[in-house]
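The following report is meant for a reader who is meeting this structure for the first time.

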Amino acid sequence: MPSRNAAQWNTPPNSLRIDEFVDSRIYSDPMIFEEELEKIWKKTWIPVCHESEVPEPYDFRTLTIAREPIIVVRGPDNKIRAFLNICPHRGMLIERRPSGSFMEGQASGNPKHMTCMFHGWQFDMKGNCVMITREKEGYQDRISRKDLGLRELRCETTFGNFVWVTLDDNNPQTVQQWAGPALECIQKNLDGAPLEVFHYHKAIIGCNYKLWHDTNSEFYHDYMHYHNRITGFNDAYFARKNMAFDNGHVVVGTFEVQYEKYQGAHSRAALSFPGLPPNQWYMVDLFPGANFNLRGSALRVDLMTPLGPDKVLIEFRGLGLKSDTAEERMQRIEHHNSIWGPFGRNLHEDLIGVAGQGTAMQTGAEPRRIIQARHENETIHDEIGMRHFYQEWGRWMNRLPSDPTRKYMEAAE
Ligand code: FES
Ligand SMILES: [Fe+2]
């Protein structure tokens, strides 16, 4: 095949169906990115953290969804709630720390209250406004605290006690309806015993969030996996099925990992998650940007926060059982980190891959075709997972992934 001139380069191969490639502008166009925040990220359920990260009453974490600042707090009633982290007075961020506790008072606030340091308004853990400075003198009786509480967001703690939030009060689904069928394969493992986060790191990567999804969902970039190429693979590895579920989610079926074939590794059967057959591995990719990866003795969860068309924050968590002894915990950490820690065998190459794509697809880059046309019996080398994701994306956006200037609904007719 000869090299191509500009016209040839810009013409999609006519042998491919329109769902077998996407247009690279969906990874780089700022307008499309803004639209994704509005139409997808502000509408769906997003897992934001795990309950073990706010273990005590008055513990909190802050984060953003679609640039909206959010605070997750555990109340004295032990219930976890989510609010916009925005003061109803003049719109200041209420809490600026990434995590912490309201148990102790701050320099400008009382213990057990969220205090906006700007003018000192205070809120309790249920979001009630409990203090307005110079309330009587300044406002006489024209405003009432009861009208000035925080904006509470729908929040559910479920599936292994992850905390899920949606910005859309009118979201017609529960988390169970949204993600339940896809997570069912690991639900009893997640819910069999209380879990605890033992590993956390985050990375800001110069690429579109969907590229991280893509690399998580294709299992044939083995050329970067030096260790995997030489160890651990067997026929069952390749025979695993990619199963598509409603709402754009995909499950990669289980198989038994042969740890003894990995240099320096041992069976993980003794520390299997509750109900999980020994050394099994499930991976659940949730639309639009979360990944649950249960590998025998350790659960890895990637949560994405898109920051721009060419920038994504990824939080990597590793979880074990709350009941672990110190020795069991060390083993799980070692199991997790040897594969997925910052220096594990299966993480850095993914980052290299997507960063390279991100470099070549920056805002303003000319449109290119990104091919997702492998058909291999719906096994892990089949790109059904990506095609399924982009169909869902097309529906939410009403844009055709292979030509985002066209309407998905019209093209589908
Ligand atoms: S902006 Fe929060 S107290 Fe004024
Ligand atoms: Fe990889």
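## Aromatic pairs and the parts they link

Tyrosine 27 and tyrosine 390 are both buried, in what should be read throughout as a predicted model. A search of the whole structure finds 17 aromatic pairs, and these two tyrosines make up one of them: their ring centres lie 6.4 Å apart and their planes stand at 85°, so the pair is edge-to-face. The pair links distant parts of the chain, since tyrosine 27 belongs to the loop between strand S1 (21–23) and helix H2 (30–41), whereas tyrosine 390 belongs to helix H10 (residues 384–397), 363 residues apart. Both tyrosines also take part in one aromatic cluster, which is formed by Tyr27, Trp178, Phe287, Phe389, Tyr390 and Trp396.

Another edge-to-face pair is formed by tryptophan 41 and tyrosine 209, with 5.2 Å from centre to centre and 90° between the planes. Tryptophan 41 lies in helix H2 and tyrosine 209 in helix H5, so this pair ties together parts that are 168 residues apart in sequence. Tryptophan 41 counts as buried at 3% relative accessibility, and tyrosine 209 counts as buried at 1%.

## Helix H5

How many of the residues of helix H5 (residues 209–217) are buried? Nine of the nine are, so the helix is largely enclosed by the rest of the structure. The N-terminal end of H5 is capped by asparagine 208, which places a side-chain oxygen 2.9 Å from the backbone nitrogen of lysine 210.

## Nonpolar cores

The largest nonpolar core has 73 residues, and of these Trp164 and Phe292 touch the most other members. Helix H4 (residues 175–191) gives the most to this core, contributing seven residues. Leaving aside residues up to four places away in sequence, phenylalanine 292 touches Phe162, Trp164, Leu183, Ile186, Leu190, Tyr282, Met283, Val284, Leu286, Arg300 and Val301.

## Strand S3 and its partners

Strand S3 (residues 59–65) is mostly covered, with five of its seven residues buried. S3 pairs with strand S4 (residues 68–74) in the antiparallel sense over six bridges, and within this pairing threonine 62 has isoleucine 71 in S4 as its bridge partner. The hairpin of S3 and S4 has two residues between the strands, and there alanine 66 takes a positive phi near 50°. S3 also pairs with strand S6 (residues 99–101), again in the antiparallel sense, over three bridges; in this case phenylalanine 60 stands opposite glycine 100 in S6.

## Salt bridges

The count of salt bridges comes to 27.

| Glutamate 51 | Arginine 74 | 2.6 Å |

In the salt bridge between arginine 74 and glutamate 51, arginine 74 lies in strand S4 and glutamate 51 in the loop between strand S2 (46–50) and S3, so the pair ties together parts that are 23 residues apart in sequence. Both of these residues, arginine 74 and glutamate 51, are buried.

Why does glutamate 53 count as buried? Its relative accessible area is 14%, and buried means under 20%.

Finally, salt bridges that share partners join Glu53, Arg61, Glu315 and Arg317 into one network.

How values were computed:
Residues numbered from 1 in each chain as written. Chains lettered and ligands numbered in written order. Predicted model: local features only at pLDDT ≥ 70, side-chain atom pairs only at ≥ 80, totals over all residues. Heavy atoms only, no water. Buried < 20%, exposed > 50% of the residue type's maximum accessible area, 1.4 Å probe, protein only. Helix = DSSP H or I, 4+ residues; strand = E, 2+ residues; numbered from the N terminus. Polar contact = N/O pair within 3.5 Å; in protein donor to acceptor, adjacent residues only side chain to side chain. Core = buried A, V, L, I, M, F, W, Y, C linked by side-chain atoms within 4.5 Å. Contact = heavy atoms within 4.5 Å. Pairing = 2+ DSSP bridges. Salt bridge = Lys/Arg side-chain N within 4 Å of Asp/Glu carboxyl O. Phe/Tyr/Trp six-rings, centres within 6.5 Å; stacked < 30°, edge-to-face > 60°.
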